[in-house]
Amino acid sequence: MTDTLELKKRLARILVEKSYREGDFILASGRKSDYYFDCRQTALHPEGSWLIGSLFNELLKDVPVVGVGGMTMGADPLISATTVISHEVGRPLAGLIVRKEAKGHGTSQFVEGLANFKPGDSVAMLEDVVTTGGSLLKACERVKAAGLNVTAVCCVLDRGEGGREIIREAGYELRSLFTRPELVALSKM
């Protein structure tokens, strides 16, 4: 695989071009921010998707997991990219998607993709951006309630606004591809 730093530089340039905006914004957490990060714009771009999937696979290469998951909708393209690249690199990881609300018909479940897992399997949870960590922790709870073990939590961007610490208090160590300073610096290289 190409040098990880080179992949991160390429991804940072695309993220800053397509997903990163400076200004005055209100975040999903209700907090005010001087920038907004919409990772979907990059995760739905062909090279951006490939880079995200490649870098998440690199981030998880030493973690014993059989799959990846996350909260819909932000994590959907991250999960798809990561599972496709995992097949390409010879370490196939299944995917699962956590619903915000339980399905109102059929099986009425929160987690989709469970047919690809068995009870007790270890998974990594993916998130686009972590501010408070609330969405990521809710996804972890639902996956654990579905009978799986969460052994890693990862994000594209850690905003550095307390989410990492909240996630640590819940018993997880956040692995991020970027912090804001790293993202901005690498995009200029």
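The structure holds 2 aromatic pairs, where rings of Phe, Tyr and Trp (its six-membered ring) pair if their centres lie within 6.5 Å. This is a predicted model, in which local features need pLDDT of at least 70, side-chain atom pairs count only at pLDDT 80 or more, and totals for chains, interfaces and linings use all residues. Residues are numbered from 1 along each chain as its sequence is written, and side-chain values use heavy atoms, without hydrogens and water.

**Stop 1: the aromatic pairs**

Select Y20 and Y35. Their ring centres are 5.3 Å apart and their planes meet at 35°, so the pair is tilted. Planes under 30 degrees apart count as stacked, over 60 as edge-to-face and the rest as tilted. Y20 belongs to strand β1 and Y35 to strand β2 (residues 32–37), so the pair ties together parts 15 residues apart in sequence. Strands (E, at least two residues) and helices (H or I, at least four) are DSSP runs, numbered from the N terminus. Both Y20 and Y35 are buried. Buried means under 20% relative accessible area, exposed over 50%, partly exposed in between (1.4 Å probe, protein chains only).

Now select F25 and Y36. Here the centres lie 5.6 Å apart with planes at 35°, so this pair is tilted. F25 is in strand β1 and Y36 in strand β2, 11 residues apart. F25 is partly exposed at 25% relative accessibility; Y36 is partly exposed at 32%.

**Stop 2: around Y20**

Return to Y20, in strand β1 (residues 20–26). Its relative accessible area is 8%. Show its contacts, meaning heavy atoms within 4.5 Å. Beyond neighbours within four places in sequence, Y20 touches L15, Y35, Y36, F37, R180, L183 and V184. L183 is 163 residues away along the chain, yet the two C-alpha atoms are separated by 9.5 Å.

Next, display polar contacts: pairs of N or O atoms within 3.5 Å; within protein, one must be able to donate a hydrogen and the other to accept it, and residues adjacent in sequence count only if both atoms are side-chain atoms. The Y20 side chain makes one with the side chain of E22, at 2.8 Å. Another, of 3.0 Å, joins the side chains of Y20 and R180.

**Stop 3: charges**

A salt bridge is a side-chain nitrogen of Lys or Arg within 4 Å of a carboxyl oxygen of Asp or Glu. The whole structure has 13 salt bridges.

Move to R159. Its charged end sits over the ring of Y35, 4.0 Å from the centre. That label needs NZ of Lys or CZ of Arg within 6 Å of the ring centre and within 35 degrees of the ring normal. R159 also meets E161 in a salt bridge (3.2 Å, N to O). R159 is buried at 8%, while E161 is partly exposed at 26%.

Select K8 and F178. The charged end of K8 sits over the F178 ring, 5.2 Å from its centre.

Then pick D38 and R40, a salt bridge with its closest N and O atoms 3.5 Å apart. D38 is buried at 15%.

**Stop 4**

Select residues 134–145, helix α5: 12 residues reaching 17 Å from first C-alpha to last, close to the 16 Å expected at 1.5 Å a residue. The expected span is 1.5 Å times one less than the number of residues. Its buried residues are L136, L137, A139, C140, R142 and V143. Just after α5, G147 takes a positive phi of about 100°.

Finish at T72 and M73. The peptide bond between them is cis, with omega near 15°. M73 lies in the loop between β3 (67–71) and α4 (76–88).
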